[in-house]
Amino acid sequence: MDADALTDARRAEWERLEHLSRARLDGAGVDELIVRYRAASADLADLKTSVGDSPQGSYLSTILVRSRLRLTGASDSILTQTARFFTLQLPAALYRLRWTTLVIAVVFAAIAVGTAWWISSDPALIATLGPPDQLQQYADESFTGYYTENPAAVFMGMVWTNNAWIALQCVLFGITGVWPVNVLVQNAMGLGVSGAVMAAHDRADVMILYILPHGMLELTCIFVAAAAGLHVFWSWVAPGHRSRGESLAAEGRALATVAIGLVFALFLAGLVEGFVTGWALPWPVKIGVGAAALGVFLIYMIVIGGRAHRRGETGDLLEYEAGTPRLVAG
């Protein structure tokens, strides 16, 4: 095959393809673009087979690349993807968990308060927790000293990484249906036991004051993580019209964003715990800072998340990123 002769014969068609790859297209234009793209691809195959690399082949390859991008699109830049994650995907995923999070919070509080009341009401149960002098020291010194025994930055890093790891476990191991429940019950009962010791020594008010500043946001994040894990579990228990694998994959992709987002939220909770809770500030200021941190999270979750949800966002990846789903009836 003569490359020059083929180029002369097809030049008008290739130039038309190049024009279509740049122009605003209607339905007929898209159809024409596809037809001419296929024809030009065949021409390029003939050139490669007959003459190998050639200036004509390079020219046609450039046109085909531009046309292919017009047909398939290109992935967004990292800045665009990051902006979409924080403005649409993450808040939409959080919004879907709002009612489950509320139920978990109520159950957690009931377990913690019930445990504290049950133990503190019986001196014999209090005695099983340790020697009286150790319990007295815990109530008077150890509980509050925990927040100040390390430098603020070090303490903040410790609690942040620990809480982030707990949240990640709740989401990632939520598929079992058992792990999030186990984490919640253990933490609720642990909090209840501490509350019982403090209440038995008339220090319940101190405990509340020390927990509220950071605990409002910190515990909410753990509740959200548990809710995400339980939603992942339920996605394969009750997949609906999808197969269990498809349902689990979609829900796993959507709610994995929650695990990432909670790392940032728990960083904010860690800042409050490390630099506010243990500092010599008036308690109204400390609690106000904690309430403000929780307020920012709830606005992000409910207001911004609700707006994203109404736009059809679920937290899942774009079709370009996740792959085209299989259509199902119903």
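1. Where pLDDT is low, the predicted coordinates should not be read in detail.

2. This is a predicted model, in which local features need pLDDT of at least 70 and side-chain atom pairs count only at pLDDT 80 or more, while totals for chains, interfaces and linings use all residues. Residues are numbered from 1 along each chain as its sequence is written, and side-chain values use heavy atoms, with hydrogens and water left out.

3. How does confidence look along the protein chain? The average pLDDT is 88, and 94% of the residues score at least 70. Confidence is lowest in helix α13 (residues 319–322), with a mean of 44, and highest in helix α5 (residues 98–120), at 96. Helices here are DSSP runs (H or I, at least four residues), numbered from the N terminus.

4. Helix α1 (residues 3–22) packs with helix α2 (residues 27–51) at an angle of about 150°, their axes 9 Å apart. Axes are lines fitted to C-alpha atoms, for helices over the stretch in contact, and angles run from 0 to 180 degrees between N-to-C directions. The two helices are therefore roughly antiparallel to each other (over 145 degrees; under 35 counts as roughly parallel, 65 to 115 as roughly perpendicular and the rest as oblique). Their crossing is left-handed, that is, the near helix is turned anticlockwise from the far one by less than a right angle, with clockwise giving right-handed. Among the residues making the contact are Leu6, Trp14 and Leu17 of α1 and Leu33, Tyr37 and Ala40 of α2. By class, this contact has ten nonpolar, two polar and six charged residues (Ala, Val, Leu, Ile, Met, Phe, Trp, Tyr, Cys and Pro count as nonpolar, Asp, Glu, Lys and Arg as charged, and the others, Gly among them, as polar).

5. Leu64, in helix α3 (residues 55–72), is worth a look next. Leu64 counts as buried because its relative accessibility is 3% (buried is under 20% relative accessible area, exposed over 50%, partly exposed in between, with a 1.4 Å probe and protein chains only). Beyond its neighbours within four places in sequence, Leu64 touches Leu17, Tyr37, Ala40, Ser41 and Leu44. Ala40 lies 24 residues from Leu64 in sequence, with 7.4 Å between their C-alpha atoms.

6. How do α5 and α9 cross? The axes of α5 and helix α9 (residues 179–200) come within 7 Å and cross at roughly 40°, so the two are oblique to each other. This crossing is right-handed. The contact includes Phe108 and Ile111 of α5 and Leu184 and Met189 of α9. Its residues divide into 14 nonpolar, five polar and no charged.

7. Tyr138 sits in helix α7 (residues 132–145) and, at 25% relative accessibility, counts as partly exposed. Leaving out neighbours within four places in sequence, its contacts are Phe143, Ser194, Val197 and Met198. Val197 is 59 residues away from Tyr138 in sequence and 8.1 Å away, C-alpha to C-alpha.

8. Finally, a backbone detail. Most residues other than glycine have a negative phi. Asp202, however, has a positive phi, near 55°. Asp202 belongs to the loop between α9 and α10 (204–237) and is exposed, with a relative accessible area of 69%.

Methods: Contact = heavy atoms within 4.5 Å. pLDDT = per-residue confidence, 0-100.
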